[in-house]
Amino acid sequence: MPSIATNSASSSSSSSSSSSSNNDNNNSSTKRNLIVVSNRLPLSIKRSEDGSYLSSISSGGLVTSLSGLTKTTSFQWFGWSGLSPKEPEEREEIRRSLSAHNTVPVFIDDRLAQAHYNGFSNSILWPILHYQSGVTFDEEPWNAYKKVNEIFADNIAEAAQNDELIWVHDYHLMLLPQMLRERMARKGKNPCIGFSLHTPFPAAEALRVLPVAKELLEGMLSSTLVGFHTEDYRMNFTESCRHLIGAHPQDHMILFKDRLVRTGKFTVGIEPGKFTETLKKDEVQDRIQQLGERYKGVKLIIGVDRLDYIKGLSQKLHGYEQFLTEYPNWQGKIVLIQVAVPSREDVKEYQDLETQISCQVGKINGKFSKPDYAPIIYLHRSIPFNELTALYSIADICLLTSSRDGMNLVAFEYVACQEQKNGVLVLSEFAGASSFMGNASIKFHPANTKEISESIHKALLMSKEERKERYGKLRRFIDENTSAKWGHDFVETLSKGVQ
């Protein structure tokens with residue numbers, strides 16, 4: 001999840017999550033209190049001309065995940081707002097603005113925030129979690145990472161009550177459960193802390209190259225419940241705790257320092273209803289018709305990815321180039337529309353990646369283009385939601401080539417828009433989504449260029465009947481595993497820790 005589920009959301013939820021929420025209403029006479037913690041707050045805040053601050057909540061995946069719990073749960077959200085004013089009066093003004101959304105800012109100096117976010121979280125920890133080699137550990141960003149976790153712990157421990165649930169999110173805050181539990185214990189409080197990781201969790205041998213792996217594991221094991229997107233990630237965590245810090249796994253529990261910690265797999269999803277409703281809009285239907293006319297007689301492949309090396313964009317382009325070479329009869333009859341959303345543009349490795357991808361696109365277009373045809377449409381920018389929905393709808397194939405991915409909810413979004421066309425999902429076996437959608441998609445190894453080429457060809461030749469059968473399975477899965485259900489299931493399991 002980019003940091004926390006960055007995907008689309010709506011107020012609708014599946015029948016299963018609605019039913020669960022209704023049951024909660026019948027069984028609960030008072031609301032639970034839940035503190036949600038993430039590195040960044042789920043809102044935008046800006047200063048108006050008169051000097052006051054205006055804030056508005058976003059519609060990200062985590063916000064929607066919690067919407068199904070509003071009848072039974074009261075929320076308070078802690079995180080960095082992106083602003084670091086020095087003056088107490090200015091900080092108080094920001095607090096007042098954010099309080100309208102039940103959000104609490106954690107103030108972090110800009111330089112410290114940079115060292116924590118880009119220095120350690122994204123340059124050292126993120127690559128390790130995604131099985132990347134050649135990472136150089138540096139003590140200075142690690143100290144910044146610890147300091148930011150301490151600041152979060154100080155802020156939350158001061159505000160949290162003994163009976164509140166606390167839900168911490170993602171790799172930026174792996175030390176927080178331990179720091180928070182220690183601070184609250186000094187106040188005579190025994191918190192119920194949940195931790196959700198939105199990235200893969202690597203095998204012990206991959207994790208142990210990080211000199212501070214033991215500290216991170218101990219930080220997470222101070223939680224009451226630790227949640228992962230797939231069973232493989234959960235098992236990797238369990239085995240890492242066993243081999244690196246001597247913990248004792250017991251089924252879905254881990255015994256460490258006289259505490260039992262629950263672990264679990266919680267399948268994150270989207271809200272398909274938002275896509276369904278968006279497709280009904282007149283402007284979206286008009287856009288679908290325009291695109292249909294523009295690409296009449298042409299098969300379309302859609303790719304939507306953050307511009308990140310874990311997304312396998314270079315491998316995707318190599319595979320597509322091989323496909324055009326091996327199956328020349330498709331030249332002029334197929335187009336790849338690749339959306340590459342800018343990411344971490346101030347980091348040199350990502351700048352270099354953008355240059356590399358642009359060069360590859362230029363090379364392939366130069367090799368196969370004609371005066372009236374280009375095999376790749378490359379969009380290096382964010383796409384408005386209506387346009388994205390229309391692109392999903394008209395595409396015959398969705399090609400996702402992640403080398404490692406926590407889940408990859410683009411696969412879910414594509415399926416949500418394909419009820420009419422029954423397009424084919426071609427999915428890397430290393431995307432978390434392949435654990436659940438692999439049997440109804442075409443799976444491949446993203447480093448195998450020939451396999452990517454053959455997978456594209458197989459998708460193009462698939463019969464209408466097979467496409468429909470596969471699509472039915474994919475659709476049922478995304479309808480049954482919504483983001484609202486994910487949020488409900490995690491909080492319900494976490495709440496058992498205080499019963």
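A search of the whole structure finds 0 disulfides. This is a predicted model, in which local features need pLDDT of at least 70, side-chain atom pairs count only at pLDDT 80 or more, and totals for chains, interfaces and linings use all residues. Residues are numbered from 1 along each chain as its sequence is written, and side-chain values use heavy atoms, with hydrogens and water left out.

User: How do you know that C241 is in no disulfide?
Analyst: A disulfide is a pair of cysteine sulfur atoms within 2.5 Å. The nearest cysteine sulfur to C241 belongs to C192 and is 18 Å away, so C241 is in no disulfide.

User: Why is C241 called buried?
Analyst: Buried means under 20% relative accessible area, exposed over 50%, and partly exposed in between (1.4 Å probe, protein chains only). C241 has 0% relative accessibility, so it counts as buried.

User: And what makes C359 count as exposed?
Analyst: Its relative accessibility is 52%, so C359 counts as exposed.

User: Why does T73 count as buried?
Analyst: T73 counts as buried because its relative accessibility is 2%.

User: What makes the T73–R32 side-chain pair a polar contact?
Analyst: A polar contact is a pair of N or O atoms within 3.5 Å; within protein, one must be able to donate a hydrogen and the other to accept it, and residues adjacent in sequence count only if both atoms are side-chain atoms. The side chains of T73 and R32 are joined at 3.2 Å, and those of T73 and T72 at 3.3 Å.
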